[in-house]
Each structure stands twice: as C-alpha cells, then as structure tokens.
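Please walk through the model shown here, taking the strands and helices in turn and then turning to a few single residues.

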Amino acid sequence: MLSVQLRQKPTSLTFDTKSGGLDVPNFVGEFIKSHSAVTEVSDKERSWNFDEKIKEGPGTSKGLIHYGMHGFESKIIDTRTRTKKYDRQVTDSEIIPLYYHFWHQNKSNYLLVAFQSFQGRSCISLVTSQMQHVFERKHPQHLLRFRKLMPTSSSASIYRDLPVQKLTFIKHNASTDIADQYSGFKPAEPVRIEMSMIAKRKGRLGSLNDVFQKINPTDNGILTQEGIGFDEAVANVRIGKGVRPVGVFGGNSDAGVIDLTESIKKDQDGHPRPRGQSVSKS
C-alpha cells in the first residue's frame, strides 16, 4: 500500500489537492512514464524500466517491469541435451519481465500496488526506493510510504492454524536514550531494538490465529511493549518442515508475501501472462 505522510507525523494525508493534499495518483503516472527508459543501477549491477500496457485513470496502471541482471559469468546449456549453447559474459544482462499493477480508488488516500517476483528475483526495492527519492526531492516535507499488507483476521489468513515458534517485536532507529535505559551504555547512533518470545523445543506460543487476535497496534501502526513503541512484529511459523517469518504488522520484508505459484498458468516462455491481457515481447 502506498500512502503519504508529513515527516514526524505517521497519519496518512489526503490526495485531494482541493483540501491541501498532494496529487499522488498523477505523480505515479508521471513516474511510470518518465521511467519507461532503462534505469541503470551500477553499484548493484541491475537495470529496470516500466513497460506500461494498460492505463485506466490517474494512479491506475498495469504492465511489465523489465528487470535486468549483469556482472557475472555463467554457462548456458540445453537442459535436454546438456550441451553448451553459450558462455554468458560479465557484460551480458539477463532481462526478465515482472508484472506490476498500481490502482487507486476515487477519494481514497492510498494506492494499492502489486509487484511480481520470479524465482526469488525481484526489483521491488529498486523501484520503490527510486519513487521515494523522486517524490521526496520534490516534496521535502513529506514521506512516500510503502507498507506491505496481508490479511490480519484469523479467517482470512492462509496460515491461521499453523504454530508460532517465535514472536519478535522490532523497533527501527530507536533513540540512544532508550538503548541507554535498557543496556546501561549509550551508543553513538540510533539502534535497532528487538524483543523476542521463543517457545521451548518442539513447543509453540500458539497459533498464528492467536497472535492475530492478541496483537492490536494503534491506528498509527505502533505496538507498545515494556514501554517501547515497536513498529513491526514478525511471527516465525512452522510450515511443513521449515520455519518461515510471517509479518504480523509493520514493514517486514515477508509481510503480505503469499506464494501463488501453484495457481498461476505460464506461457511457453515460462512467464505468466496477466489474465485478459495480451503482452507483446520487447
């Protein structure tokens, strides 16, 4: 979810310019248009650009992000014959198409955003950080905020009955005074504070349903525990034979990430095609 707030004030602001808000939907459209040419991220050896397919109104757009990776050598072989077809060079860039979708409802003070990841590859952080940079350079008193979403009601979560083995509360950029209060020494810079509850071996803290029912952050997305206002909570949930972190609230990198692989149909090129949309190769 994309929203805007004033610095130091977590309340989301209106997009209605008549009420003193900022025209964020129009900004999104202009950003997509201005980044249709390739953006090179040299230090990360990555590149990306928008390829808009459908525009349905201010702030509503869907299409592809062409994501490129270079900087390493590899051997390309035919999986059937196991014969080498090509030696990839350091300067060669592998371009993959990733689906994106921005949509905005009239009079709402947020946009919903969907980004595809592919076999562990994603350009989300590259795109969102560039959007934030461009927006905040133009509006220095404001912050463009991205927050991942997942169903938080027990009936909506696909993980509702799974056991939680560890629950961690996280506060980013905690003041040095708080660190001094709990540790006895004062760091030179703000710190990250984590508080964890861990079940005994083979035990459980409860189900994810239990966690959802008991944890209730404020309207500002803050949860207070032991006098500290935490802005993120992560539950380690056992899924099959492994343990996966699931964001309960806040900006955790796994919050809102739901694997849809089994329900996605792929084209012959190995990539999914958006339903009802003919995507031309470029």
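This is a predicted model: local features need pLDDT of at least 70, side-chain atom pairs count only at pLDDT 80 or more; totals for chains, interfaces and linings use all residues.

Is serine 207 buried or exposed? Serine 207 counts as buried because its relative accessibility is 8%, where the cut-off for burial is under 20%. Leaving aside neighbours within four places in sequence, serine 207 is in contact with Arg160, Asp161, Leu162, Pro163 and Val164.

Another part of the model is built around an open sheet of five strands, arranged in the order β2-β3-β4-β7-β8 with antiparallel pairing. The edges of this sheet are formed by β2, residues 39–41, and β8, residues 112–115, each of which pairs on one side only. From one strand to the next, the twist averages 25°. As a general point, the strands of a sheet pair through backbone hydrogen bonds, in either a parallel or an antiparallel manner. Inside this sheet, β4 and β7 pair in the antiparallel sense over nine bridges, and glycine 63 stands opposite tyrosine 100 in β7.

Two helices lie across strands of this sheet. Helix α1 lies across β3, β4 and β7, and runs at about 130° to β3, whereas α2 lies across β2, β3, β4, β7 and β8, and runs at about 70° to β3. In α1, which comprises residues 24–34, the buried residues are Val24, Pro25, Phe27, Val28, Gly29, Phe31 and Ile32. What covers these buried residues of α1? The cover includes the sheet strands β3 (46–57), β4 (60–69) and β7 (94–103), together with β1 (2–6), α2 (124–138) and β9 (142–146). The N-terminal end of α1 is capped by aspartate 23, a side-chain oxygen of which lies 3.2 Å from the backbone nitrogen of asparagine 26.

Most residues other than glycine have a negative phi. Arginine 82, however, has a phi near 65°, a positive value in a residue other than glycine, and is found in the loop between β5 (74–77) and β6 (84–88). Arginine 82 is exposed, because its relative accessible area is 57% and the cut-off for exposure is over 50%.

Lysine 107 likewise has a positive phi, of about 70°, although it is not a glycine. This lysine 107 lies in the loop between β7 and β8, which are strands of the five-stranded open sheet described above. At a relative accessibility of 85%, lysine 107 counts as exposed.

Definitions and conventions: Residues are numbered from 1 along each chain as its sequence is written. Side-chain values use heavy atoms; hydrogens and water are left out. Buried means under 20% relative accessible area, exposed over 50%, partly exposed in between (1.4 Å probe, protein chains only). Helices (H or I, at least four residues) and strands (E, at least two) are DSSP runs, numbered from the N terminus. Contact means heavy atoms within 4.5 Å. A polar contact is a pair of N or O atoms within 3.5 Å; within protein, one must be able to donate a hydrogen and the other to accept it, and residues adjacent in sequence count only if both atoms are side-chain atoms. Two strands pair if DSSP finds at least two bridges between them. Axes are lines fitted to C-alpha atoms, for helices over the stretch in contact, and angles run from 0 to 180 degrees between N-to-C directions.
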